[in-house]
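Here is a short briefing on one protein model. Keep the sequence and the 3D view side by side as you read.

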Amino acid sequence: MKEKPELTIEDFESVSTSEELLAIIEKKGISITKVKVKLDYEEELRKLQIELVKLQQWIAKNNKRVAVIFEGRDAAGKGGSIRRFMEHMNPRSTRLVALNKPTEVEKGQWYFQRYIKELPNPGEIVFFDRSWYNRAVVEPVMGFCTDDQYKNFLVQVPEFEHMLYEDGVVVIKFWLSISKDEQLRRFNSRNNNPLKRWKFSPVDKRGQELWDTYSYYKNEMFSKTHTAYSPWIVVKTNNKKEARVECMRHVLSQFDYDGREEATTVLTPDPNIVMRYYRSVKHLD
């Protein structure tokens, strides 16, 4: 029986660069397709993160206010995408907003009030891991709001976002779209990983059971809150890494920041993955 080719200690000791190691691997006929995909992703991520640092400096220099909202079903990859966005950014002018359920006092306030105080200050970029759109999908599905509260929200949110637009706040709204099978796979992965088990909640579990109800409210949200001044950007892929880099490209494509022309990678997103709501006829979810 022919032995499978493998790398030796001598192989590693004889190289000083990744390229030299890859050459040895190729010469030995060892399949490293998954490794190459991973390496390509890491390199692409690094190039895009360099551009994000430039963008952040431009935002701070010009006192721009930018809010990037990540919405999607449970396990869609919102938190992971935001972590890659923020990984090398200056923490002094960027923030993550991931609010807990409202307190009794907040329940008695105007719904948008607790989100208004989290909006970006001049020179700041803020990432929302879920946002005021909780009331558009999660709350009505789970019975956390009344029918009147839900209807009032859908009437008020376009006006609220138009006020932000008129005041110069740039709001980018992502919906990360994954399939039902992929959501279940990610749920199972969370449960099997003790470092990620804390992410799984009873609400998550019901996400599979109430999939069609979520779909109904998601479509209602799109139809009522997708506007020319605050459009929904649908990111349609089951590949987390693909979603992350394409979201970065979309954000970068929205600004004419200093040093943009020196980028070493493509800054426009793949239109087959990233699209405005009206272009997305078929959804994974």
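Asn 63 sits in the loop between helix H3 (33-61) and strand E1. Helices (H or I, at least four residues) and strands (E, at least two) are DSSP runs, numbered from the N terminus. Asn 63 has a positive phi of about 55°, although it is not a glycine.

The model is predicted: local features need pLDDT of at least 70, side-chain atom pairs count only at pLDDT 80 or more, and totals for chains, interfaces and linings use all residues. Residues are numbered from 1 along each chain as its sequence is written, and side-chain values use heavy atoms, with hydrogens and water left out.

**Another positive phi**
- Ala 75 is not a glycine, yet its phi is positive, at about 75°.
- Ala 75 lies in the loop between E1 and helix H4 (78-86).
- Ala 75 is buried, with a relative accessible area of 6%.
- Buried means under 20% relative accessible area, exposed means over 50%, and partly exposed is in between (1.4 Å probe, protein chains only).

**Overall build**
- The protein has 12 helices and six strands.
- Its C-alpha trace spans about 70 × 45 × 35 Å along the principal axes.
- Of the 285 residues in the protein, 47% are buried.

**The largest nonpolar core**
- The largest nonpolar core has 34 residues, and Phe 128, Trp 132, Tyr 133, Phe 153 and Met 221 touch the most other members.
- The elements that give two or more residues to this core include strand E3 (124-129), helix H8 (147-166) and strand E4 (169-177).
- H8 gives the largest share of this core, six residues.
- A nonpolar core is a set of buried Ala, Val, Leu, Ile, Met, Phe, Trp, Tyr and Cys residues joined through side-chain atoms within 4.5 Å.

**Phe 222**
- Phe 222 is part of helix H11.
- Phe 222 is buried, with a relative accessible area of 0%.
- Phe 222 and Trp 232 are 10 residues apart along the chain, and their C-alpha atoms are separated by 7.1 Å.

**A positive patch**
- Arg 83, Lys 196, Lys 240 and Lys 241 form a positive surface patch.
- Patch residues have over 30% relative accessible area and no salt bridge, and like charges are joined within 9 Å.
- A salt bridge is a side-chain nitrogen of Lys or Arg within 4 Å of a carboxyl oxygen of Asp or Glu.
- Lys 196 is in the loop between helix H9 (180-192) and helix H10 (202-209).
- Lys 196 is partly exposed, with a relative accessible area of 34%.

Notes:
Patch = residues over 30% accessible without salt bridge, like charges linked within 9 Å, V, L, I, M, F, W, Y side chains within 5 Å. Areas by Shrake-Rupley, 256 points an atom, 1.4 Å probe, with all protein chains shown as cover. Lys, Arg positive; Asp, Glu negative; His and termini not counted. Charge placed at Lys NZ, Arg CZ, Asp CG, Glu CD.
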